[in-house]
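Here is a report on one protein model.

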Amino acid sequence: MSYPFQINSLAQYHADYKAAAENPDAFWANVADNFCWRKKWDKVLGWNFTEPKIEWFAGAKLNITENCLDRHLEKLGDKPAIIWEPNNVDEPARTLTYKELHAQIIQFAQVLKNNNVNRGDRVCIYMGMIPELTIAVLACARIGAIHSVIFGGFSAQSIADRMQDAKASCIITCDGAFRGNKIIDLKAVVDDALLQENVVQKVIVFARTKTPVIMMDGRDVWWDDEMNKISITDFTVAEEMDAEDPLFILYTSGSTGKPKGVVHTCAGYMIWTTYTFVNMFNYQQGDVHFCTADIGWITGHSYIIYGPLAAGATSVMFEGIPTFPDVGRFWDIIDKHQVNILYTAPTALRSLMSFGNEPLQGKNLSSLKTLGTVGEPINEEAWHWYDDNIGKNKCPIVDTWWQTETGGCLITNLAGITPAKPSWATLPMPGVQPIIVDEKGEETSPNPSEGGALVTSGNLCIKAPWPGMLRTTWGDHERCRVNYFATYPNLYFTGDGALKDAEGNYRITGRVDDVLNISGHRIGTAEVENAINMHNGVIESAVVGYPHDIKGQGIYAFVIYNGEQMDDNILRQNIAATISKAIGAIAKPDKIQFVSGLPKTRSGKIMRRILRKIAEGETENLGDITTLLDPDVVAEIRDGKV
């Protein structure tokens with residue numbers, strides 16, 4: 001399979017970028033011609049950023065799974081689609097060819113039908129990183145059901161919030177999941193979530209860990225039992241979907257505390273993930289691609305499942321963690337499966353760096369051709385360690401920047417095609433038109449940097465739509481408008497700050513709103529504060545981010561506590577447990593400082609700017625505090641920093 005839309009030179013990148021900006025209809029129609037359609041589009045693009053309303057390939061009919069599976073069967077049917085590496089090194093890996101994956105997906109699609117899941121229904125998926133997770137996702141897409149994958153580390157309350165918002169009629173889970181030396185009791189967590197008001201009628205359970213579970217008669221069924229009921233005559237054809245029909249909902253943290261259900265649609269998302277996958281990694285047929293993300297996040301959706309499979313690629317899924325049974329696990333997987341492309345997070349790299357280079361002894365890694373990073377900006381030290389020790393200075397590193405809302409990568413260098421610049425995402429993909437603006441929405445001008453070079457800084461926005469962008473937030477289009485399109489008229493606001501150099505390269509400097517980026521995962525400060533405030537005796541709290549050597553950003557919580565007196569460390573543990581139960585362990589603060597008050601304006605607004613500086617270790621230059629309701633509280637907080 002060839003990729004007529006693949007960029008093969010720097011000159012072609014510039015030509016394609018120009019073409020996509022000047023005539024997006026013609027450019028994307030040409031790309032879209034390489035996919036399978038039941039009916040071609042009536043119009044390539046219609047949009048405004050005021051409502052907002054974005055439509056790509058209006059009037060077209062398709063099913064995304066026919067593009068991920070069926071069209072490959074004749075030529076690539078016996079090629080590995082998924083290589084699954086289990087958590088336990090003693091358990092054999094599994095390989096599913098395109099034919100085998102296709103057969104299991106159409107079989108499970110019928111299971112969903114038999115359990116009264118139909119087109120437009122919402123299905124939540126809360127599973128470990130096993131092939132059945134991919135099968136569940138694509139079976140939903142096969143019948144036109146809207147999937148919403150929930151990260152396996154989230155709590156019962158987080159699951160309940162998502163199920164209720166989506167009004168899911170079915171949830172697919174496992175008895176448990178293996179993660180390092182732990183077993184996570186997924187079904188028990190789902191059962192707790194289902195104690196709250198919901199419309200779930202069916203729970204389909206895959207037996208992975210053989211953990212004892214309670215099965216509710218009439219509601220809960222076993223995956224294998226349901227699959228065994230299917231005969232070859234039961235297989236149904238793929239549902240014909242409209243280009244703009246919802247494909248999935250993926251919840252992401254917002255600054256208000258309530259997760260937002262980001263909606264992606266069938267055609268534009270398919271084209272964007274495939275186009276970016278092929279081009280940013282310079283993917284060649286036969287390459288083995290290993291994305292280490294969890295499918296509970298957008299990276300796993302786009303670059304483990306949809307992008308690679310639509311391109312006819314081989315995608316590695318890993319159930320475990322990079323430090324189990326030892327810190328050489330990633331490198332063993334690369335050598336075992338002869339991985340050509342490694343796509344991982346700076347957090348993982350910084351963690352592995354901390355163990356030194358001894359775990360790399362005896363690892364070959366010569367199969368690697370391309371390295372990538374995702375989830376957060378990578379610092380220069382980690383970039384060079386990655387380049388020197390993993391890529392052996394022979395593999396281009398693609399530093400990709402994008403978001404749940406963007407569907408796929410927006411800014412990155414293209415492997416072996418466009419230049420890399422350590423810790424810079426570099427150039428936008430064709431079809432992406434960034435602009436850096438000030439607080440008033442006016443484009444900023446270059447200023448000399450510390451090194452004397454001209455650099456533009458400000459808030460990163462996008463001027464025009466790309467095929468993979470979000471269309472709405474589920475059930476609340478006004479929230480979509482306010483969050484992304486209302487800050488600056490006629491611009492999509494990313495929520496990130498950025499720098500731009502004289503060559504047009506971009507460097508992402510981090511969130512400018514009250515959203516933290518913890519190990520590449522977005523968590524709203526309001527979510528964490530709400531969870532802390534659930535603890536008995538907590539009067540009020542404020543949460544900020546601060547630099548963290550491994551995670552990139554850590555969580556620092558300032559807590560006013562007036563409850564039962566106990567040892568501070570025990571109290572910190574209790575508060576952390578409250579947060580784990582409400583959100584998940586990923587949201588536990590790294591530091592908790594008990595304070596008698598918080599720096600507030602006379603109108604009651606918490607001055608997080610001051611708290612952020614204290615958390616970062618700045619004790620002198622805290623700015624003007626004379627307007628605070630109680631300026632003395634600042635000195636107390638500063639002197640009590642943990």
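## Terms and model

Contact here means heavy atoms within 4.5 Å. This is a predicted model: local features need pLDDT of at least 70, side-chain atom pairs count only at pLDDT 80 or more, and totals for chains, interfaces and linings use all residues. Residues are numbered from 1 along each chain as its sequence is written, and side-chain values use heavy atoms, with hydrogens and water left out.

Helices (H or I, at least four residues) and strands (E, at least two) are DSSP runs, numbered from the N terminus. Buried means under 20% relative accessible area, exposed over 50%, and partly exposed in between (1.4 Å probe, protein chains only).

## Strand 17: T314 and S315

Strand 17 covers residues 314–318 and includes T314. S315 lies in strand 17 too. T314 counts as buried because its relative accessibility is 4%. S315 is buried, with a relative accessible area of 0%.

Which residues does S315 contact, leaving aside its neighbours within four places in sequence? They are A81, I82, I83, H289, Y303, I304 and P308. With the same exclusion of neighbours within four places, T314 is in contact with K79, P80, A81, I83, Y283, D287, V288 and H289. A81, I83 and H289 are in the contact lists of both T314 and S315.

Both side chains reach a backbone oxygen. For T314, a polar side-chain atom lies 2.6 Å from the backbone oxygen of P80.

## Nonpolar cores

A nonpolar core is a set of buried Ala, Val, Leu, Ile, Met, Phe, Trp, Tyr and Cys residues joined through side-chain atoms within 4.5 Å. The largest nonpolar core has 160 residues. W37, F57, F108 and I172 touch the most other members. Helix 10 (residues 266–280) gives the most to this core, with 10 residues. Another core, of 28 residues, lies apart from it, with I83, F318, W331 and W383 among its members.

What surrounds W37, leaving aside its neighbours within four places in sequence? W37 is in contact with A32, F57, A60, K61, L62, A267, M270 and I271.

## The second largest pocket

On a 1 Å grid over the protein atoms alone, a cavity is a set of points where a 1.4 Å probe fits but cannot get out, and a pocket is an open set with protein on both sides within 12 Å along at least five of seven lines; lining residues have an atom within 4 Å of a point. Grid points are joined across faces, edges and corners, and a volume is the space filled by probe spheres set on the points.

The second largest pocket holds about 290 Å³ of space. It is lined by 14 residues, and S155, A156, V189, D192 and K581 are the closest to its centre. Helix 7 (156–166), helix 8 (186–193) and helix 17 (568–582) each supply at least two lining residues. Helix 8 gives the most, with 3 residues.

The lining has 6 nonpolar, 6 polar and 2 charged residues. Ala, Val, Leu, Ile, Met, Phe, Trp, Tyr, Cys and Pro count as nonpolar, Asp, Glu, Lys and Arg as charged, and the others, Gly among them, as polar.

## Cis peptide bonds

A cis peptide bond joins E51 and P52, with omega about -10 degrees. P52 is in the loop between strand 1 (43–48) and strand 2 (53–58). Another cis bond runs from F324 to P325, where omega is near 0 degrees. P325 lies in the loop between strand 17 and helix 12 (329–337).

## Positive phi

K167 is not a glycine, yet has a positive phi of about 55 degrees. The loop between helix 7 and strand 8 (170–174) holds K167. K167 is exposed, with a relative accessible area of 54%.

L365 is not a glycine either, and its positive phi is about 65 degrees. L365 sits in the loop between helix 13 (346–353) and strand 19 (370–373). Is L365 buried or exposed? L365 is buried, because its relative accessibility is 4%.

S366 belongs to the loop between helix 13 and strand 19. S366 is exposed, with a relative accessible area of 58%.

Conventions: A polar contact is a pair of N or O atoms within 3.5 Å; within protein, one must be able to donate a hydrogen and the other to accept it, and residues adjacent in sequence count only if both atoms are side-chain atoms.
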